[in-house]
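Student: I would like to learn how to read the features of a protein model. Could we go through one together?

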Amino acid sequence: MRFLIDSFSPEEIKKVLEYYPAEGVTTNPAIISRERRPLKATLLEIRELIGEKMLHVQTMQKESGAMVDEALKLRDELSVTPDGHDFFIKLPAVPEGLKACAYLSKKGVNVTMTAIFTPMQALLSARCGARFVAPYVNKLDDVGDGEACVEKTARLFEAHKLDTKILSASFRNVSQVTRVALSGSHYCTLPPAFFEKLIYHPMTENALTGFESDWLSAYGNKTPSELMEE
Ligand code: G3P
């Protein structure tokens, strides 16, 4: 499974990119609204930070024609590659979204179908040419089983040889991330603070403390590279 950053904060995105193997950024209307930053300037700042990595931005239009227009406008503004392969328009898994997805996909615009809660929403999206489907794992866990949705979607895509990738979103804990990775999710998108949760373990800290004191008792403050020069 590969990782994306679910954020609209350039500072936090920059920090994650420095340490973690993140392959792009996803945003959604809730995340954007929470930050209260100027939309265009911030999206351009994020694009500058991530270079040609993926950027996913959601439409707020309700009707397919308007979704298409918004997708093309956003792609023109926010893509830095000539073919626009670094930009993904996020469309909702509703009939108008499917219609726009089929049209845009044929035109070569990348679509991520979002707010996916069932394997059938994912299958219809894939058949309309979506590059990604985004199941909301924790939101589903609140009322059912997020992992099961990911696992069934992965089986469907495999059985029917569909290239659409699963981009799992909405997590509250590390166990959910581990389980969707094991169930066939190709990507997940995580808020910046989540990356630290994935790498941190107290036993790792303990092991390092042990190494430090063993080394200190044998070699004092000298480092291996210093000792190699003696
Ligand atoms: O990107 C999806 C995510 O932001 C929505 O899920 O549960 O974190 O609000 P949640």
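**Strands, helices and burial**

Tutor: In strand E4, Phe87 is the bridge partner of Leu55. The model is predicted, so local features need pLDDT of at least 70, side-chain atom pairs count only at pLDDT 80 or more, and totals for chains, interfaces and linings use all residues. Residues are numbered from 1 along each chain as its sequence is written.

Student: What are helices and strands here, and how many are there in the protein chain?

Tutor: Both are DSSP runs numbered from the N terminus: helices are H or I with at least four residues, and strands are E with at least two. The protein chain has 12 helices and eight strands.

Student: In what order do the strands close into a barrel?

Tutor: The eight strands close in the order E1-E2-E3-E4-E5-E6-E7-E8, with parallel pairing. On average, neighbouring strands of this sheet are turned by 25° against each other, direction ignored. Axes are lines fitted to C-alpha atoms, for helices over the stretch in contact, and angles run from 0 to 180 degrees between N-to-C directions. Helix H4 (residues 64–78) packs on the sheet and touches E3 and E4; the direction of H4 makes about 155° with that of E4.

Student: Why is strand E2 described as largely enclosed?

Tutor: A residue is buried if 20 or more other C-beta atoms lie within 10 Å of its own, exposed if 12 or fewer, and partly exposed in between, with C-beta atoms placed from the backbone. Four of the five residues of E2 (residues 22–26) are buried, so the rest of the structure largely encloses this strand. In the protein chain, buried residues make up 40% of the 230 residues.

Student: How is the packing of two helices described?

Tutor: By the angle between their axes and the distance between the axes. Helix H6 (residues 119–127) and helix H8 (residues 146–159) pack at about 35°, with axes 9 Å apart. The contact involves Pro119, Ala122, Leu123 and Ala126 of H6, and Cys149, Lys152, Thr153, Leu156 and Phe157 of H8. Residues are in contact if their C-beta atoms, placed from the backbone, lie within 7 Å.

Student: Which residues of H6 are buried, and what covers them?

Tutor: Pro119, Gln121, Ala122, Leu124, Ser125 and Ala126 are buried in H6. Their cover includes helix H5 (95–106), strand E5 (110–116), strand E6 (132–135) and H8. After H6 comes Gly129, whose phi is positive, near 95°.

Student: Where is Ser185 found, and is Ser185 buried or exposed?

Tutor: Ser185 lies in the loop between helix H9 (174–182) and strand E8 (187–190). Ser185 is buried, with 24 other C-beta atoms within 10 Å. Leaving aside its neighbours within four places in sequence, Ser185 is in contact with Met1, Val150, Ala154, Ile166, Ser168 and Val180. The C-alpha atoms of Ser185 and Arg2 are separated by 8.7 Å, although these residues are 183 residues apart along the chain.

Definitions and conventions. Contact = placed C-beta atoms within 7 Å. Pairing = 2+ DSSP bridges.
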